[in-house]
Amino acid sequence: MKSIVIDQPGGPASLKWSEKPDLQPAPGLLTIDVAYAGVGYFEVLLSRGEFMSDFPMPLTPGLEVSGYVRAIGEGVEGFYVGQPVASMTLLDFNGFASMANVRPELTVPLDQLGMELDLATAAASIVNLTTAYLAIRDVYRMRAGDNVLVHAAVGGLGGFLGQVARRLGAGKVFGTVGTPEKAKLAAPFGYDELFVRNDFVERTLKATGQQGVHAVFDPVGGSMRQQSLEVLRPLGQLVVVGNASGEQDVAHSFNQIWFSNKQAAGFALGGYAESNPAETGQAAREALGMLARKEIHAEIHGVYPLEKAADALALLEQKNTVGKLVLQV
């Protein structure tokens, strides 16, 4: 089997091409022939060694894949050899490879969604879309008519956050982007207004008549955390869903949270999937069903061959993409 390996930190350039023995089916797991693997900013951070204490090297990155069932491990039911599937490899990585052993609880049979969903779109979507769906439905608990703000609004996760919020009943959906150029590319995501990040506080308050929004979804991190609290109305909630900026964590006073009548919550799909795999898998099925029915759409910025994984990560590192990148195996 073919795979990409990171054996030492060094950014995207540290990715190496490797040949390994083919995988064998393991009890409780599915073996799939990977057709596509999603590429996210997490892999950029991983390649820099920012999570080495949790994920020691060498490792094969990749949190999401699609392909066909190759073999079924002992005890696994509900799948058949040759079945098209998408799976979240959140807990084991190993997505940047031609074969993967995946957990059935986190695997969605694509032929059971009711409508066709192609493999590239499924691989590009399953992690970010499931994150967006759970963060909005279960963490924030969206109410009809709520006004929300999404940071990194045209990124792989941000694009889904805006669309899912709308689908689940949001009133106004605002977004922030890093540059004016990116604002011009956001039309497919259906935002009511987009703000460049460096003046979003003033513009969000103006757009809401100084009332603020009911929720902010932040995959960026750094100084955006503190500023986001400024645009929340009383009882509003900041939902932290990432740290794509790579900046240091921001300290905040819980007494200030208390006195200001604001809330902060966090959601990390990997940790949730580890403790609640069945719920995570069910949410993935529901979310991909929305995509298959074309209630929302996925934006794929580019498709790269597996051996060009380093180029895909380098492009992401420049923060000049809209939507998602995928690797074709």
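Q: What should I keep in mind about the model before reading values from it?
A: This is a predicted model, in which local features need pLDDT of at least 70 and side-chain atom pairs count only at pLDDT 80 or more, while totals for chains, interfaces and linings use all residues. Residues are numbered from 1 along each chain as its sequence is written, and side-chain values use heavy atoms, with hydrogens and water left out.

Q: How many cavities of 30 Å³ or more does the structure hold?
A: On a 1 Å grid over the protein atoms alone, a cavity is a set of points where a 1.4 Å probe fits but cannot get out, whereas a pocket is an open set with protein on both sides within 12 Å along at least five of seven lines, and lining residues have an atom within 4 Å of a point. Points are joined across faces, edges and corners, and a volume is the space filled by probe spheres set on them. Here there is one cavity of 30 Å³ or more, and the largest cavity has about 70 Å³ of space.

Q: Which residues lie nearest the centre of the largest cavity, and which element gives the largest share of its lining?
A: Helices (H or I, at least four residues) and strands (E, at least two) are DSSP runs numbered from the N terminus. The lining of the largest cavity has 14 residues, with G156, F160, A298, E299 and G323 nearest the centre; α2 (119–140) and α3 (158–167) each supply at least two, and α3 gives the largest share, three residues. With Ala, Val, Leu, Ile, Met, Phe, Trp, Tyr, Cys and Pro counted as nonpolar, Asp, Glu, Lys and Arg as charged, and the others, Gly among them, as polar, this lining has five nonpolar, seven polar and two charged residues.

Q: What lines the second largest pocket?
A: The second largest pocket, with about 320 Å³ of space, is lined by 15 residues, of which L238, V240, V250, H252 and A264 lie nearest its centre. β13 (263–266) is among the elements that each supply at least two lining residues, and β13 gives the most, four. By class, the lining of this pocket divides into eight nonpolar, five polar and two charged residues.

Q: At what angle do α2 and α3 pack?
A: Axes are lines fitted to C-alpha atoms, for helices over the stretch in contact, and angles run from 0 to 180 degrees between N-to-C directions; under 35 degrees counts as roughly parallel, over 145 as roughly antiparallel, 65 to 115 as roughly perpendicular and the rest as oblique. The angle between α2 and α3 is about 45°, with axes 9 Å apart, which means that α2 is oblique to α3. Taking contact as heavy atoms within 4.5 Å, S125, N128, L129, A132, Y133 and I136 of α2 meet F160, L161, V164 and A165 of α3, a set of eight nonpolar, two polar and no charged residues.

Q: How is α2 oriented to α9?
A: α2 and α9 (residues 277–292) pack at about 110°, with their axes 8 Å apart, so α2 is roughly perpendicular to α9. Their contact residues divide into ten nonpolar, four polar and two charged.

Q: Where is S245 found, and which residues does S245 contact?
A: S245 is in the loop between β12 and α7; leaving aside neighbours within four places in sequence, S245 is in contact with V220, G221, G222 and K319.
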